[in-house]
Amino acid sequence: MKIKSLFFTFWILVIHVHAQDTYLISYEKYSNEKKVEEKNKIKVASNINETIIGTENNFSQKKSFPNEISYFNKKNPTILTYITQFDSIHSITSNDSLIINKPIFKITKETKRILGLRCQKATTTINSNKIDIWFVNNIGINAAPTPLGINLGLVLEMTRNNNFTIKASKIENLKNIEPSLYIKKEISQEAVDLLTYKDIIWKNKFVEIPLLINQQINFSSEIESNDSILRFSNGTVVVRKIKLPIIKKGSQLFIDVKEKSNGDAYDRTGSIFLIPTNNSINFLDALKKGINKLPIYTNGDGKKYQGYFSTENYSSNIELMRFFTPFGINKFNHIPIKNINWQNEVDYRQEISEFQTLLSNQEVYIGYFIGNYDGGGHIISSNLTIHPPSKITLPIQKTFPIFNTVNVMEMSGQEYSTLFSDNNGLQVEFTLNEDYNNAKLRFITTGHGGWENGDEFVPKENTIFVDNQKVFNIIPWRQDCASYRTYNPASGNFDNGLSSSDYSRSNWCPGTITNPYYIDLGNLKTGKHTIQVKIPQGKPEGNSFSYWNISGVIIGD
């Protein structure tokens, strides 16, 4: 014990003696006491004057970009400077005057040794997270694995909520190397405010692909298209033709839409869909030449339903997102209600990672539909974002569209999906050309139409059979619609004190996305299969009728 104590004292003295030198501190992460495997560990270079917080990449001879560091100088002890290098000549920088001195630390009497150094313990709370910091304050160095606690001294260990720890694993003496030598003197270094800096760094972590910018979706006899944006069905369908980049396997994909009313005051069905073009017949043919180009589905109710399901020569549209516009957001914000401040637009955002193989390195047609009969209609913007690979992404390799009854060519005569009035509902046969292991049905369903007794406002059970076996049944219902009152300025108000937008509905609310259900199907073998969807659709009431918009895609590996 005495020998160890002497060694620890000598080690501290060595640091004091060589305080003019720079020390490189390596840190490792632990989650619930288990070491986290890392490819780019935290490293900190520090001497008595300045400190650089970075990673292994920052201190290697061959740096990869972007290259981000935090810089601390005792000449300005209340300022932390962030620097990010994007390539060999371009970088941005910003100063943070709050990160160092805003946290309030409580110094305890607890001590322990880390790497031979006797450490004190400090505690603080950041955003409801309890932080424990072990530090040394008598060797003249200010360094930490994050900016938090750097003003305490040399931080060797930091624990959040007793379950995540960053701990020093090694300290090296770099002799007469100043930390600032690791900062490349950039030809172009742009100083920006802190909020802008954080926004630029955040957006640099993923790829954002604009799809639509302030695009009008309305009802008009005068519509115009160009090489990349095509408008159809009296302006209610907009199709974006775009070549997408190679997407790394396991990436996470999100699609978003911003919507506001440009004249239409009502809640409308919106759908974003991918148009398969690998068959002799596709939905583009119908958009360009008329709805009769699509295969017809009949089930005995006397109606003809165009393009609802995939055939040998045709693939139905693949629905990426189902959303519903609120009652007149933005355009009708002049309607006053005391103590309610209307939203200016609605943001829809949904993960669509399961469709990666259909999008990667492909030229695709992505369609947007909002059913409306208004000359002003709606204004939307939309983006696709691609985020680096993640372990939580569904391991999907294959997709097979089965059906989609959303009549996006409603304004060109495509029939409403009232086919569930027949006991057979929707019943189709499909053929798989390869095995689908761990298969799932990605199923979206919403009920519409009628008044008080219509399926929009009456819970109805959805039942699905695959190969004559029941695989799923649910009553799709949303009871949270009143949460979105501030999105619905033009919603009607009733004598019972409720607004129309408050009412519960068949799996949708004005101003929301309808999430898919993922239904396990097990392993589906190559060959023919059948699928049937049954819903007890309500009967017509005068001129009002009920119908169900459903879409289904089989995914698997």
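This report walks through the nonpolar cores and a few backbone details of a predicted model.

Let's start inside the protein. The largest nonpolar core holds 38 residues. Those with the most contacts inside it are Ile25, Tyr27, Val44, Ile133, Val136, Leu154 and Leu156. Several elements each supply at least two residues of this core, among them strand S1 (23-31), strand S3 (42-46), strand S11 (154-160) and helix H2 (194-203). Strands S6 (80-85), S9 (117-126) and S12 (164-173) are also on that list. Strand S10 (129-136) belongs there too, and the largest share of the core, 5 residues, comes from S10.

## A cis peptide bond

Next, a detail of the backbone. Phe65 and Pro66 are joined by a cis peptide bond, with omega at about 0°. Pro66 sits in the loop between strand S4 (50-55) and strand S5 (67-73).

## Two asparagines with positive phi

Asn127 is a residue other than glycine with a positive phi, near 50°. You will find Asn127 in the loop between S9 and S10. Asn127 is exposed, because its relative accessible area of 69% is over the 50% cut-off.

Asn214 also has a positive phi, near 50°. Asn214 lies within a strand, S14 (residues 207-217). With a relative accessible area of 55%, Asn214 is exposed.

Methods:
Residues are numbered from 1 along each chain as its sequence is written. This is a predicted model: local features need pLDDT of at least 70, side-chain atom pairs count only at pLDDT 80 or more; totals for chains, interfaces and linings use all residues. Side-chain values use heavy atoms; hydrogens and water are left out. A nonpolar core is a set of buried Ala, Val, Leu, Ile, Met, Phe, Trp, Tyr and Cys residues joined through side-chain atoms within 4.5 Å. Buried means under 20% relative accessible area, exposed over 50%, partly exposed in between (1.4 Å probe, protein chains only). Helices (H or I, at least four residues) and strands (E, at least two) are DSSP runs, numbered from the N terminus.
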